[in-house]
Amino acid sequence: MKPFAAYLAGAAGLALVAFVPAQALAQQAGGKVDIEADSMELFEEKNQAVFKGNVRASRRDVKLSASTLLVKFAKNNAGKTEVTWLETSGGGVQIVTRTQVISGDWMKMNVKANTAVVGGGVTVKQGTSVVRGDKLDVNLSTNQSKFSGGRV
């Protein structure tokens with residue numbers, strides 16, 4: 001099975017989040033992002049937005065679904081808003097790419113470090129191959145992934 005090859009990359013402002021396959025991260029920066037949820041709260045003083053209830057986010061051919069999505073953002077040196085952190089909670093997170101379906105209870109992504117972690121009954125499906133584990137750490141810069149926390 002190929003390394004886990006999907007995830008999220010920046011976006012901004014009033015609750016924009018961008019999703020891209022890791023192997024195309026450099027080539028596909030930017031682009032339209034669609035987010036739907038039952039509710040959204042913006043906490044400007046904390047530089048974060050929270051999407052709750054049936055969260056669905058998509059960009060090109062990558063889709064994310066979750067119960068809750070927390071987006072943290074900050075101004076960069078050019079004064080533009082950049083996403084710095086993404087986090088799902090409430091169980092039932094699923095990331096769907098052209099080649100894989102990744103599911104777990106939660107996901108955390110450090111956008112600046114370009115790393116992500118999926119935890120809680122993680123399943124990665126690629127074609128007829130399935131890998132399961134407790135926790136999946138992914139370095140999106142190197143496209144290296146590692147299951148840990150019990151038997152795989």
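# Notebook: strands and salt bridges

I read the protein chain along its sequence and wrote down the pattern β-β-β-β-β-β-β-β-β-β-β-β-β. The chain has 13 strands and zero helices.

I noted the conditions next. This is a predicted model, in which local features need pLDDT of at least 70 and side-chain atom pairs count only at pLDDT 80 or more, while totals for chains, interfaces and linings use all residues. Residues are numbered from 1 along each chain as its sequence is written, and side-chain values use heavy atoms, with hydrogens and water left out.

**Entry: whole chain.** I looked up burial and found that 39% of the 152 residues count as buried. Buried means under 20% relative accessible area, exposed means over 50%, and partly exposed lies in between (1.4 Å probe, protein chains only). I then looked at contacts, meaning heavy atoms within 4.5 Å. Among contacts with a separation of 6 or more, 38% come from residues 24 or more positions apart.

**Entry: salt bridges.** How many salt bridges does a search of the whole structure find? I got three. The criterion is a side-chain nitrogen of Lys or Arg within 4 Å of a carboxyl oxygen of Asp or Glu.

**Entry: E41 and K52.** I found a salt bridge between E41 and K52, with the closest N and O atoms 3.9 Å apart. The pair links distant parts of the chain, 11 residues apart: E41 sits in strand 4 (residues 39–43) and K52 in strand 5 (residues 48–59). E41 is partly exposed at 36% relative accessibility, and K52 is partly exposed at 38%.

**Entry: E82 and K112.** I found the side chains of these two residues in a salt bridge at 3.5 Å, N to O. This pair also links distant parts of the chain, 30 residues apart: E82 belongs to strand 7 (residues 81–89), whereas K112 lies in the loop between strand 10 (106–110) and strand 11 (115–126). Is K112 buried or exposed? K112 is exposed, with a relative accessible area of 60%, while E82 is partly exposed at 31%.

**Entry: D137 and K135.** I recorded a salt bridge between D137 and K135, the closest N and O atoms being 4.0 Å apart. D137 counts as partly exposed at 25% relative accessibility, and K135 counts as partly exposed at 33%.

Terms used:
Helices (H or I, at least four residues) and strands (E, at least two) are DSSP runs, numbered from the N terminus.
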